[in-house]
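Please read them with the structure open beside you.

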Amino acid sequence: MQQFANPTRFLSLANRALPTIWVVTIILFAIGLYGALVSAPPDYQQGETVRIMFVHVPAAWLAMLVYTVMALASAVAIIFRHPLADVAAKTAAPIGAVFCFLALATGSLWGKPMWGAWWVWDARLTSMFVLFLLYVGYIAIWQAIEEPTRAAMIARIVALVGFVNIPIIKFSVDWWNTLHQPASVLRMDGSTIDWSIRWPLLVLGLAYSFLFLALHLMSMRSEIATRKLRNLQIARSGEA
Amino acid sequence: MKLLLALLRRDLILAARQGGGVGTALGFFLTVLVLLPIGIGPDQVTLQRLAPGILWITLLLSVLLSADRIFQQDFEDGSLEIMVMAPASLELVALTKAIAHWLSTSLPLSIAAPFLGILLNLRTEIIWPLTLAMVLGSSALSLLASIGASLTLNLRRGGLLISILVLPLYVPVLVFGMSATTGNPEVIAPSLLILAAITLASLVLAPIAAAAALRAYLK
Amino acid sequence: MQLSAENLACERGGRTVFSNQNFTLGSGELLQLTGPNGSGKSSLLRLLASLGEPSHGRISLAGGAPDMNPGQQAHYIAHSDASKSALTVTENLIFWRDFLGGGDLMRAMQAVNLAALADYPAALLSAGQRRRLALARLALVPRAIWLLDEPSVGLDESAQKLLAALMNGHLREGGLIVAATHVPLGLNPDKNLHLGGTP
């Protein structure tokens, strides 16, 4: 009974919240894009291409945030056996992978004017690449295991093992990078960036987060619907 | 304790008697070592520069490709079910099987690999630190492989999937294994220590993750 | 010792395999599970072996070791033999003896008439002989509960008699047996449970 009660309450909550979330997302994007494209000055070295950063950096933030959300949801699924937690983790993954891909693609675009090559094995980009692989592995596990409850149990372990490893991988990639080439150009130390660039970044980061929230809720909604449909079909085939 | 020793002994005997043990892994290793100069070109200087990296990556792949042996057979013939039922801790069973894999496959490979590096014109003064780093790192490789093997226990396309799941986890071992052999003299000691720390962390975490995955498949 | 199931239900992949099953089984009693394919005989045995959680109801064991679940005090003979082709009959049994904390190797081999093949690799055994090797675990390691899934499959007449004798001995010593079977085992079951509709 609990299995149905919870998603139902979640669905009505999501349906009520979604319009507001979309409105907030659009407003935040409007403000952020104004700051990024109009009010922020071009870089004295990189010129207008610096504006790629406003797509790249929030995407990279979100890629990491979404994996954290996935790992937290997986932990909740293990500890509290909350039926929605697996749905949350499963549906977050493809969205996170898209953010991750966006960060990689824009990083590559940015690399061309900066280093003269479409791809450079910079520490940040390399870590982001490994994170992308972790997303791919997680999604592949859901697709490879047919039985849903078992897939959920295995996916939780994959998410948590990946999450434990992310800091270790990050640390090792940074170490590797300093061995081969000092100082990354893509450094984004908050303190050294001018406020006129920083505020659009932060607003866009927030806008991305709300975009994720909206997409995630919609994706969870359709996943729940798919599961209900499957359960109905199983129940009907049982009666027949 | 006695039961774990019995398990270790059995797995080692099986690895020695059945194909697919260290012999096959070594064969794979050699095959890759022959293909690489053909792909890269026979230039001695280039090969010497690339040798440690080639040896490490070949080691990672050999360990990974033999990983499905850790649990697969015991799953198929029902032995694993009985092990899960038994009062023994499944974490310790998983750890023991990972250790058996290390002893039977990864350890012999990591001892042989630096010497096979002679084929790539590996600098002789590197052989000793490379062996040390590989022996240390290979235990972490086997432990991490046991996670992948348990996660893909019952999957037909497990071979490819296990690579996607495990290879990203091998990045730290590769980084510190390389910096212990080719880095500055002053980073060799810290690299070896970090490698040891990674091994210890895997020693604790891998059995927990592997046992959880085995339970998910069998219960 | 008493093994009982209350209101037991099992679900697989969202489909209910069986529901509302009840039984109690005391020392020295044999419960025979019957029913068509897919009626959940194997699933029920797996639940009793603690290899899975019932979706409803509960399994309890009175009079056993309190800190162990029923599965840890049971033998489970499934369709697979849990033996290794590359090991000899003796080596296979020695492993299970040491792993499960068991007893007398010779007695076990004699109980299933494998003593003459003791040093043969399991790879050379016939299907029936491998089945007997699996059944030898029952005689090798003392366990109060035996969970047998089609134990007589692949056995010839004399081996079936050995199995019946083995089971009889266990019941006489106060053991419990739950056996799923399609064919008569040569023993009179104390209880019967038919799964999957009317017999």
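1. Leaving aside its neighbours within four places in sequence, Leu217(A) is in contact with Phe10(A), Ala14(A), Leu18(A) and Ile21(A), where contact means heavy atoms within 4.5 Å. Leu217(A) lies in helix 6 of chain A, residues 195–239, and helices here are DSSP runs of H or I with at least four residues, numbered from the N terminus. Between Leu217(A) and Ile21(A) there are 196 residues of separation in sequence, while their C-alpha atoms are 10.0 Å apart in space. Leu217(A) counts as buried because its relative accessibility is 14%, the cut-off for buried being under 20% relative accessible area (1.4 Å probe, protein chains only).

2. This is a predicted model, in which local features need pLDDT of at least 70 and side-chain atom pairs count only at pLDDT 80 or more, whereas totals for chains, interfaces and linings use all residues. Residues are numbered from 1 along each chain as its sequence is written, chains are lettered from A and ligands numbered from 1 in the order in which they are written, and side-chain values use heavy atoms, with hydrogens and water left out.

3. Chain B and chain C bury about 2,300 Å² between them, 66% of it on carbon and sulfur atoms; buried area is the accessible area (1.4 Å probe) that two parts lose on being put together, summed over both. The contact draws on 26 residues from chain B and 27 residues from chain C. Five salt bridges are counted between chain B and chain C, each a side-chain nitrogen of Lys or Arg within 4 Å of a carboxyl oxygen of Asp or Glu, and Arg46(C) forms a salt bridge with Glu81(B) at 2.4 Å, N to O. On the side of chain B that touches chain C, helix 1 (2–17), helix 4 (72–76) and helix 5 (79–85) of chain B each supply at least two residues, and helix 1 gives the most, with eight residues.

4. Arg10(B) is found in helix 1 of chain B and is buried, with a relative accessible area of 5%. Leaving aside neighbours within four places in sequence, Arg10(B) is in contact with residues of both chains, including Asp74(B), Met83(B), Lys84(C) and Phe95(C).

5. Helix 7 of chain B, residues 124–151, has 28 residues and should span 40 Å at 1.5 Å a residue, and its end C-alpha atoms are 40 Å apart, which agrees; the expected span is 1.5 Å times one less than the number of residues. Of the 28 residues of helix 7 of chain B, 22 are buried.

Definitions and conventions
Buried < 20%, exposed > 50% of the residue type's maximum accessible area, 1.4 Å probe, protein only.
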